[in-house]
Amino acid sequence: MRPARRGRSAPLWRFLGAPLPLVTGVSFVLFGMSLVDMARTLDRAERLRQAQSFARARIAAESAAMHCVAEKGFEFERVEAGDIRVCIRKRAADWLIESRCPEGSSYWFRCVELEGAAPRAMGCDCAAVDPAVLDLVGTGQCIDESELPRVDAAATASAARAEQLPAFRIDREIALLHLEAGTEADDFVLAPAAGSATLEVPGDIIVVPGHLWIEPGTVPLRLKLARDLTIVVEGNLYVARSVAVEGPGHLCFVTVTKPGTVAFADRDGNGRWSPGDVMRQPGPFAGAIEGSGAVYFGLVGCRGSIRVDAGIVPTGELHLRVDTTVCGPLVVPHGVTISTVPPVHLVAARSWVFRTERERVPGFATIGGRRPGVLISESRNPAALPEQALYLPPPSR
Amino acid sequence: MILLHAVRLERVLAGLLLTASLAGAYSLRRERLTVDALVDRRQEQLTLLHSIESRDRPDTVAPTELVAMVGLFPGLQLVREQSPGGMFLGLRSLGTDGESQ
């Protein structure tokens with residue numbers, strides 16, 4: 001048996017052991033490996049080419065939009081940006097931009113037209129007039145008083161009012177629960193029904209004509225925002241627990257000092273004007289004893305820490321009773337008063353800020369000329385969407 | 001005699017085939033490395049471009065950063081332009097002598 005098996009396998013071994021088949025096999029393997037490597041590289045190069053093409057189309061679209069914004073009353077415009085043809089069509093709410101590259105590919109973008117740039121401070125994690133505040137926070141940018149964000153009076157005049165919204169309720173006792181002397185102005189509580197609320201408002205600004213309270217609680221107050229929202233508080237803002245925002249929108253709290261009232265630093269922490277407190281505006285004390293325009297993080301008896309997923313823009317003083325983290329832009333026009341021992345900390349987390357040159361911040365006066373907003377890429381031509389048939393097709397016979 | 005010649009011819013052919021396949025593989029590898037290096041460089045440029053575009057203020061873009069973009073878009077140059085809406089990054093065609101038109 002053994003010699004016969006050796007006899008059958010010997011030619012095969014001789015064939016495989018011969019140089020030509022062996023070299024042919026090696027050549028095929030080398031060739032195959034080279035092809036696989038080359039294919040991978042070409043795939044990378046193709047993906048890069050697409051990314052390059054898209055970047056070029058986006059820059060061209062932006063460039064054309066920036067040039068078009070100077071032209072008043074245009075409806076449709078064709079612009080050559082480098083070797084790219086850009087078509088801009090003005091629609092009811094936004095602009096539709098098509099960038100056609102010379103190699104034949106087209107990209108679509110849309111953007112809104114902005115009145116101007118948002119206040120620069122809204123693009124900072126922390127912006128303060130007093131450099132001592134930046135030392136306290138450990139980060140941020142020193143700004144001039146003239147750079148402080150100003151509330152747009154015309155926009156707030158037509159904004160939704162808190163008393164018309166179910167997520168806000170007037171509470172006549174909450175101030176007496178937390179402050180010895182209570183308050184003189186109306187007290188609103190932001191209290192969604194089930195601990196989580198979608199704030200449905202007609203616009204993107206809510207005006208609270210009084211103080212706004214966010215009650216103490218063990219779980220954060222959760223708000224769902226489909227778009228950016230600014231809550232303008234014509235009084236003080238009292239925050240006693242964390243605020244979490246869900247959805248694509250960003251939340252900003254702004255406090256304004258009502259005419260006839262004053263802003264002051266509550267040094268003794270009693271929540272009202274008393275000897276030893278520091279006025280934050282010229283002239284004598286006047287108006288409600290609790291003042292207005294201030295923000296209080298933590299109330300008497302509050303413990304733990306607070307994380308507020310919002311931008312904070314007070315007109316008056318910022319008061320801290322607990323460790324506080326502000327996720328959005330924090331603007332401090334005067335100072336930070338800490339009335340606890342040992343002192344608590346203020347952190348500007350910079351989880352998000354606005355792109356002030358190209359993004360709208362609701363409720364604030366703008367600076368500079370008109371401009372297109374941030375370009376948003378459209379995956380397909382929105383103008384080519386199938387249209388609704390006006391008439392039903394005739395029945396088949 | 002014929003068998004001896006056939007064996008020799010087979011060896012010569014095998015040697016030629018091996019040399020050709022090694023040379024081909026080496027050439028392909030060199031080409032691949034060249035393309036890879038170019039792709040890497042363009043990828044770095046794209047990453048830099050994204051970082052520049054993510055800045056809120058284009059006036060903070062340094063001229064050296066714009067120079068680093070040369071070659072990313074064939075025949076085009078990235079420039080800073082001023083409009084009523086502020087400063088922005090635009091594209092300008094390059095002339096044959098390399099000067100922007």
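**Ground rules.** Residues are numbered from 1 along each chain as its sequence is written, and chains are lettered from A and ligands numbered from 1 in the order written. Because the model is predicted, local features need pLDDT of at least 70 and side-chain atom pairs count only at pLDDT 80 or more, while totals for chains, interfaces and linings use all residues.

**Chain A overall.** I looked up the elements first. Chain A has five helices and 30 strands; these are DSSP runs numbered from the N terminus, helices being H or I of at least four residues and strands E of at least two. Buried residues make up 38% of its 397 residues. Buried means 20 or more other C-beta atoms within 10 Å of the residue's own, exposed means 12 or fewer, and partly exposed lies in between, with C-beta atoms placed from the backbone.

**Contact with chain B.** I checked both sides. Chain A gives 41 residues and chain B gives 36. Contact here means C-beta atoms, placed from the backbone, within 7 Å. On the chain A side, α2 (19-68) and β29 (371-372) each give two or more residues. The largest share, 25 residues, comes from α2(A).

**The five-strand sheet.** I traced an open sheet in chain A with the order β1-β2-β3-β4-β30 and antiparallel pairing. Strands pair if DSSP finds at least two bridges between them. β1 and β30 (376-378) of chain A are the edges; each has a single partner strand, so one side of each has no neighbour in the sheet. Neighbouring strands are turned by 25 degrees against each other on average, direction ignored. β1(A) and β2(A) (residues 84-90) share six bridges, and F76(A) stands opposite R89(A). α2(A) lies across β1, β2, β3 (95-100) and β4 (106-111) of chain A, at about 50 degrees to β2(A). Axes are lines fitted to C-alpha atoms, for helices over the stretch in contact, and angles run from 0 to 180 degrees between N-to-C directions.

**E75(A).** I found E75(A) in the loop between α2 and β1 (76-81) of chain A. E75(A) is exposed, because 8 other C-beta atoms lie within 10 Å. E75(A) and G335(A) are 48 Å apart, C-alpha to C-alpha, and 260 residues apart in sequence.

**Around β10(A).** I followed two pairings. β9(A) (168-170) meets β10(A) (187-190) antiparallel over three bridges; R169(A) has V189(A) as bridge partner. β10(A) pairs with β13(A) (211-214) in the parallel sense, also over three bridges. There, D187(A) stands opposite H211(A).

Technical notes: Two residues are in contact if their C-beta atoms, placed from the backbone, lie within 7 Å.
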